[in-house]
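Here is a short report for a reader meeting this protein for the first time. Please look over the sequence and the model before reading on.

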Amino acid sequence: MLPNSVGRPRLGLSVSKKVGTAVKRNGVRRRLKEIFRSSSVGLPADLDFVISARPSAAEASFEELNEEFIRAWRRLSKSSVGEPGGGS
């Protein structure tokens with residue numbers, strides 16, 4: 001998570017060739033974008049999110065990726081509470 005001044009949450013994705021073929025990488029990208037889009041209502045408007053997909057993401061279902069995104073967001077929001085420039 002990084003602060004931004006755009007007024008809406010933004011997503012940055014890194015999906016390396018270790019994830020698989022171009023078709024698999026694009027599938028992971030599409031699923032992660034949709035998860036972010038559907039979750040962006042509940043996210044702070046002043047943050048950029050950067051996600052680096054692991055090779056296991058290629059085999060994960062949409063539901064598994066969504067659960068992991070929610071789990072990671074909860075961990076991050078707990079750890080950034082009280083830090084300057086961090087958290088909700």
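How do the residues of the lining of the largest pocket divide into nonpolar, polar and charged? The model is a predicted one. In it, the lining of the largest pocket divides as follows.

| Class of lining residue | Number of residues |
|---|---|
| Nonpolar | twelve residues |
| Polar | two residues |

The largest pocket has a volume of about 430 Å³. It is lined by 17 residues. Closest to the pocket centre are I51, S52, E68, F69 and A72. Two elements, β3 (47-53) and α2 (62-79), each give two or more residues to this lining. The helix α2 gives the most, with seven residues.

Now for the protein around the pocket. It has two helices and three strands. Starting at the N terminus, the elements follow the order β-β-α-β-α. Both elements named for the pocket, β3 and α2, belong to this set.

What share of the 88 residues counts as buried? The figure is 32%. The accessible surface of the protein comes to about 5900 Å². Carbon and sulfur atoms hold 54% of that surface.

Methods:
Residues are numbered from 1 along each chain as its sequence is written. This is a predicted model: local features need pLDDT of at least 70, side-chain atom pairs count only at pLDDT 80 or more; totals for chains, interfaces and linings use all residues. Side-chain values use heavy atoms; hydrogens and water are left out. On a 1 Å grid over the protein atoms alone, a cavity is a set of points where a 1.4 Å probe fits but cannot get out, and a pocket is an open set with protein on both sides within 12 Å along at least five of seven lines; lining residues have an atom within 4 Å of a point. Grid points are joined across faces, edges and corners, and a volume is the space filled by probe spheres set on the points. Helices (H or I, at least four residues) and strands (E, at least two) are DSSP runs, numbered from the N terminus. Ala, Val, Leu, Ile, Met, Phe, Trp, Tyr, Cys and Pro count as nonpolar, Asp, Glu, Lys and Arg as charged, and the others, Gly among them, as polar. Buried means under 20% relative accessible area, exposed over 50%, partly exposed in between (1.4 Å probe, protein chains only). Accessible areas come from the Shrake-Rupley method with a 1.4 Å probe; for residues, only the protein chains shown count as cover.
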